[in-house]
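This report looks at salt bridges and at one pair of packed helices. The structure is shown first.

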Amino acid sequence: MNNLVYKDFKLSIDWFFSLIMPVLMGVLFLIPQWPYLIVFMYFFFISIPNLFSAFTAQNDFGFAIMMPVSKRAMVKGKILTFAIIEILHLLSGAVFAIFHIRLYGIDNFMLDPDFAFFGVALVMYAIFNLVFFPAYFRSAYKFGVPTIAGSTAAVLFAAVVEIFGLINPVFRNYLEGQSPEMRKLQIIILICGAAIFLILNFITYKISAKRFENIDL
């Protein structure tokens with residue numbers, strides 16, 4: 001498993017998308033009064049199409065199938081690789097969110113980049129993965145429709161959270177309240193977001209592996 005992830009980062013994935021892109025997107029947190037969930041959406045708007053196009057051009061699975069690993073391990077390695085890249089985007093965003101708070105304080109029209117915000121971002125990535133990977137592993141070749149479907153599901157989720165936060169003061173207070181009680185709740189939301197991220201990615205792996213085993217490379 002570690003070798004498959006290492007193979008992806010060493011041979012298959014351009015370091016620009018795994019290292020530079022998360023930092024460049026994190027810088028967008030320095031824009032004042034912006035819908036910051038969009039920062040994390042650039043991962044599936046830009047990185048996913050470019051990386052899976054490269055996988056197709058490199059015949060990535062054709063190479064991996066020659067290795068002494070099962071199809072299930074290949075799926076697990078691929079999902080783990082992209083989960084790591086997603087976490088790198090979130091960590092970079094967290095660093096620049098701290099700078100944002102130092103510069104502007106916590107007073108945004110859209111969601112503030114606090115603990116709850118990153119819990120929401122984790123769930124958004126998990127939803128994208130849950131839609132994208134099972135659809136992609138129907139063929140392990142066609143990624144256009146899966147990318148559109150996954151992006152649509154993730155964007156709709158983010159839009160619902162953002163809009164509900166704008167129209168419902170109670171919900172917004174849960175996500176952005178400054179009292180000690182609300183701060184604790186926001187940390188709980190982050191922890192729950194992390195748990196949902198893990199659970200949905202496990203479900204993603206199970207469905208994707210089953211579909212991948214049914215195709216002939």
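A residue counts as buried when its relative accessible area is under 20%. The model described here is predicted. Arg172, at 16% relative accessibility, therefore counts as buried. Glu176 is buried as well, with a relative accessible area of 11%. These two residues form a salt bridge with each other. Arg172 and Glu176 are four residues apart in helix H8 (residues 169-176), so about one helical turn separates them.

The structure holds six salt bridges. Three of them are listed below.

| Salt bridge | Closest N to O distance |
|---|---|
| Asp60 and Lys78 | 2.7 Å |
| Arg172 and Glu176 | 3.0 Å |

Asp60 and Lys78 meet in a salt bridge. Asp60 belongs to helix H4 (residues 60-64) and Lys78 to helix H5, so the pair ties together parts that are 18 residues apart in sequence. Both Asp60 and Lys78 are buried, and Lys7 and Asp8 are buried too.

Helix H5 (residues 71-104) also packs against helix H9 (residues 180-213), at an angle of about 145° and with the axes 9 Å apart. The crossing of H5 and H9 is right-handed. On the H5 side the contact includes Met74, Val75, Ile79 and Ile87, and on the H9 side it includes Phe197, Tyr205, Ala209 and Phe212. Counted by class, the contact of H5 with H9 has nine nonpolar, three polar and seven charged residues.

Key
Residues numbered from 1 in each chain as written. Predicted model: local features only at pLDDT ≥ 70, side-chain atom pairs only at ≥ 80, totals over all residues. Heavy atoms only, no water. Axes fitted to C-alpha atoms, helices over the stretch in contact; angles between N-to-C directions. Helix = DSSP H or I, 4+ residues; strand = E, 2+ residues; numbered from the N terminus. Left-handed = near helix turned anticlockwise from the far one by under 90°. Contact = heavy atoms within 4.5 Å. Nonpolar A, V, L, I, M, F, W, Y, C, P; charged D, E, K, R; others polar. Salt bridge = Lys/Arg side-chain N within 4 Å of Asp/Glu carboxyl O. Buried < 20%, exposed > 50% of the residue type's maximum accessible area, 1.4 Å probe, protein only.
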